[in-house]
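Biologist: I would like to go through this structure with you, one question at a time.

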Amino acid sequence: SEQQPMQLIINNHAESSSKQQAAPMQPRQERKEVQSDVRELLASPINRCMLFSVLGLGLYMLHGHLQHKWRIVEMQRRIDANLFLRITRLLNFPTGN
């Protein structure tokens, strides 16, 4: 008695849908609102003083950071140019730091 092969029917069906709705943008109105908010913020002398103080402090800190990086690069350049310091660095001898 010979069995008949089983017949499989696979019904794969994938469906996808996507809907996007974008609200119409009004850049002119937003720009005007931002400009009026900035003007209102800068109208107060205390707010202007605080803003300029924060900007000045940020620039001062940036200057210090860049100056430190420049000094480190300059020191590394001097170490690389000095044969004795280059050899001590290669041999990992402490230099008294």
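Biologist: In which helix do Arg77 and Glu74 both lie?

Modeller: This is a predicted model, in which local features need a pLDDT of at least 70 and side-chain atom pairs count only at pLDDT 80 or more, while totals for chains, interfaces and linings use all residues. Residues are numbered from 1 along each chain as its sequence is written, and side-chain values rest on heavy atoms, with hydrogens and water left out. Arg77 forms a salt bridge with Glu74, their closest N and O atoms being 2.5 Å apart (a side-chain nitrogen of Lys or Arg within 4 Å of a carboxyl oxygen of Asp or Glu). The two residues are three apart, about one turn of the helix, and both lie in helix H2.

Biologist: Is Arg78 buried or exposed?

Modeller: The classes follow relative accessible area (buried under 20%, exposed over 50%, partly exposed in between, with a 1.4 Å probe and protein chains only). Because its relative accessible area is 57%, Arg78 counts as exposed.

Biologist: Which residues make the nonpolar surface patch of about 420 Å²?

Modeller: A patch takes residues with over 30% relative accessible area and no salt bridge, joining like charges within 9 Å and nonpolar side chains (Val, Leu, Ile, Met, Phe, Trp, Tyr) within 5 Å. Ile87, in helix H3, has a relative accessible area of 40%, so this residue is partly exposed. The members of the nonpolar patch are Leu83, Ile87, Leu90 and Leu91.

Biologist: Where is Glu33 found?

Modeller: Glu33 gathers with Glu30, Asp37 and Glu40 in a surface patch of negative charge. At 43% relative accessibility, Glu33 is partly exposed, and this residue is found in helix H1 (residues 27-43).

Biologist: Which element of the protein chain has the lowest mean pLDDT?

Modeller: The protein chain has three helices and zero strands (DSSP runs numbered from the N terminus, with H or I over at least four residues for helices and E over at least two for strands). Its average pLDDT (the predictor's confidence in each residue, from 0 to 100) is 85, and 90% of the residues score at least 70. Helix H2 (residues 45-81) has the highest mean, 95, whereas the lowest, 82, belongs to helix H3.

How values were computed
Areas by Shrake-Rupley, 256 points an atom, 1.4 Å probe, with all protein chains shown as cover. Lys, Arg positive; Asp, Glu negative; His and termini not counted. Charge placed at Lys NZ, Arg CZ, Asp CG, Glu CD.
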